[in-house]
Amino acid sequence: MTSNRDRALAAAIQLLGTEGLRGLTHARVDDKAGLPKGSTSNYFRTRAALLDGVGDAMLAREVPVVEAALTPESAEDLVDELCQLYEFMTGPNEVTTTARMVLWMESAANERIRQALLSGRAVMMAMLVPALARLGARDPVAASDAIGACFQGLFLQRFARSEEVDPRPLLEIIVRGALAPGTSAGT
């Protein structure tokens, strides 16, 4: 059985992902979750605490999926796994992904949200960087950053512009570039 706290967090994510930041109030979360009035406020006294809880809940939902996806044995496997991850993030996890994008936009003016999101990003990078290193990436951290930027750009195209984009060609270019033998600038 799901706890009232978890129901509140699920409802908060749903509101963020479907109505944006303005749709997120304690009372709206109570209503959406089917909880008695004041329940969300009992768990999360402030809006900042609720947003912290949302960030933690999103990360907890996604870490197992990302962890399972990042077990490549070749560059082709990595591209396949990243494409499957993108399909998950824009399919069954679309509302959560949209909620995160809403929070990223808010983070431009809210340092607390930015730090929470960056902490979550660090957790994801901690899973991707070793996979890239195992495959022989010259700079696994830079490659991870490039993949993350690509995903965020794809999400914006998908959600903000309603454009369907095949991630495979973009991810192939990034992975191929990350795993290419090193060359010096003058050669």
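1. Helices (H or I, at least four residues) and strands (E, at least two) are taken here as DSSP runs, numbered from the N terminus. On that basis the protein chain has nine helices and zero strands, and the order from the N terminus is α-α-α-α-α-α-α-α-α.

2. The model is predicted: local features need pLDDT of at least 70, side-chain atom pairs count only at pLDDT 80 or more, and totals for chains, interfaces and linings use all residues. Residues are numbered from 1 along each chain as its sequence is written, and side-chain values use heavy atoms, with hydrogens and water left out.

3. On confidence, pLDDT is the predictor's own score for each residue, from 0 to 100. The protein chain has a mean of 92, with 97% of its residues at 70 or more. The exception to note is residues 183-187, where pLDDT stays under 50. For that stretch the model has one contact (heavy atoms within 4.5 Å) beyond four places in sequence. Where pLDDT is low, the predicted coordinates should not be read in detail.

4. Overall dimensions: the C-alpha trace spans about 65 × 30 × 30 Å along its principal axes. Of the 187 residues, 41% count as buried, where buried means under 20% relative accessible area, exposed over 50%, and partly exposed in between (1.4 Å probe, protein chains only). Among contacts with a separation of 6 or more, residues 24 or more positions apart account for 64%.

5. An unreviewed UniProt entry lists residues 25-44 as "DNA-binding region". UniProt positions are given in the numbering used here, feature names are shortened, and annotations may be inferred rather than shown by experiment. In the model this span is 65% helix and 0% strand, and its end C-alpha atoms lie 11 Å apart.

6. How many cavities of 30 Å³ or more does a search of the whole structure find? The search finds one, and the largest cavity has a volume of about 50 Å³. A cavity is a set of points, on a 1 Å grid over the protein atoms alone, where a 1.4 Å probe fits but cannot get out; lining residues have an atom within 4 Å of a point. The volume is the space filled by probe spheres set on the points, which are joined across faces, edges and corners.

7. The lining of the largest cavity consists of L51, D52, G55, L103, I113, A116 and L117. The lining divides into five nonpolar, one polar and one charged; Ala, Val, Leu, Ile, Met, Phe, Trp, Tyr, Cys and Pro count as nonpolar, Asp, Glu, Lys and Arg as charged, and the others, Gly among them, as polar.

8. A109 sits in the loop between α6 (94-106) and α7. A109 counts as exposed because its relative accessibility is 72%. A109 and A48 are 61 residues apart in sequence, with their C-alpha atoms 13 Å apart in space.

Definitions and conventions: 1 Å grid on protein atoms, 1.4 Å probe; cavity = no way out; pocket = protein on both sides within 12 Å on 5 of 7 lines; lining within 4 Å.
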